[in-house]
Amino acid sequence: VMALRADQTRRMGLELALRQLPERSTVQGRVACSFEGTLSGDGIAPERQHELLRIAQEAVSNAVRHAHPANVRILLQEESALWRLLVIDDGRGMTLLPELYASQGYGLNNMRERAGAIGGQFHIESRPGEGTRIIVSLPRPGAPS
């Protein structure tokens, strides 16, 4: 239940919250989680940071529960026109189209809706036996489209 409230994200900041997520998600002998990335300044509004954190939490939880990966990586990338959050696992991957999985539960739909609510794009890449990549791209204010 770590950092579920927006005020918690405001106090900690997205980067710190994402650094703590792998610490709480790693299970010795089962799955190793890691984080890479930095944010320069406070460019992402607190409400957007909160939604990105919730997306990362859901993606990590889904990977650990359903994909049985050995590794889960959380990446936060900052570019001139956008921020990108990636959650990458080396688990079993999806045998069906992600849309079919989304119709069976709330996790993928919630992530997609959260990304859309903050003006972001949500994308899933997955192949059986090759893991899954959850990608959220969030345009920076004032950046050319």
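This is a predicted model: local features need pLDDT of at least 70, side-chain atom pairs count only at pLDDT 80 or more; totals for chains, interfaces and linings use all residues.
Residues are numbered from 1 along each chain as its sequence is written. Local features need pLDDT of at least 70 and side-chain atom pairs count only at pLDDT 80 or more, while totals for chains, interfaces and linings use all residues; side-chain values use heavy atoms, with hydrogens and water left out.

**Overview. The protein chain, end to end.** Here you'll find five helices and five strands. Both are DSSP runs numbered from the N terminus: helices are H or I with at least four residues, strands E with at least two. Along the sequence they come in the order α-α-β-α-β-β-α-α-β-β. Of the 145 residues, 45% count as buried, meaning under 20% relative accessible area, against over 50% for exposed and in between for partly exposed (1.4 Å probe, protein chains only). As for contacts (heavy atoms within 4.5 Å), take those between residues at least 6 apart in sequence: 63% of them join residues at least 24 apart.

Close-up 1. H5 covers residues 107-117, and Gly 107, Leu 108, Met 111 and Ala 115 are its buried residues. Looking down the helix axis, they fall within an arc of 100°, so they line one face of H5; the arc is taken from the directions from the axis to the C-beta atoms. Turned away from that buried side are the exposed residues Glu 113 and Ala 117. Just after H5, Gly 119 has a positive phi of about 85°.

Close-up 2. Arg 48 sits in helix H3 (residues 46-67). A polar atom of the Arg 48 side chain does lie 2.8 Å from the backbone oxygen of Ile 118. Leaving aside residues up to four places away in sequence, Arg 48 touches Trp 83, Ile 118, Leu 138, Pro 139 and Pro 141.

**Close-up 3. Asp 90 in its loop.** Look for Asp 90 between strand S3 (82-89) and helix H4 (98-104). Asp 90 is partly exposed, with a relative accessible area of 38%. Its side chain has a polar atom 2.9 Å from the backbone nitrogen of Ala 70, and the backbone nitrogen of Asn 71 also lies 2.9 Å from a polar atom of that side chain. Asp 90 and Ala 70 are 20 residues apart along the chain, yet their C-alpha atoms are separated by 6.5 Å.

Key. A polar contact is a pair of N or O atoms within 3.5 Å; within protein, one must be able to donate a hydrogen and the other to accept it, and residues adjacent in sequence count only if both atoms are side-chain atoms.
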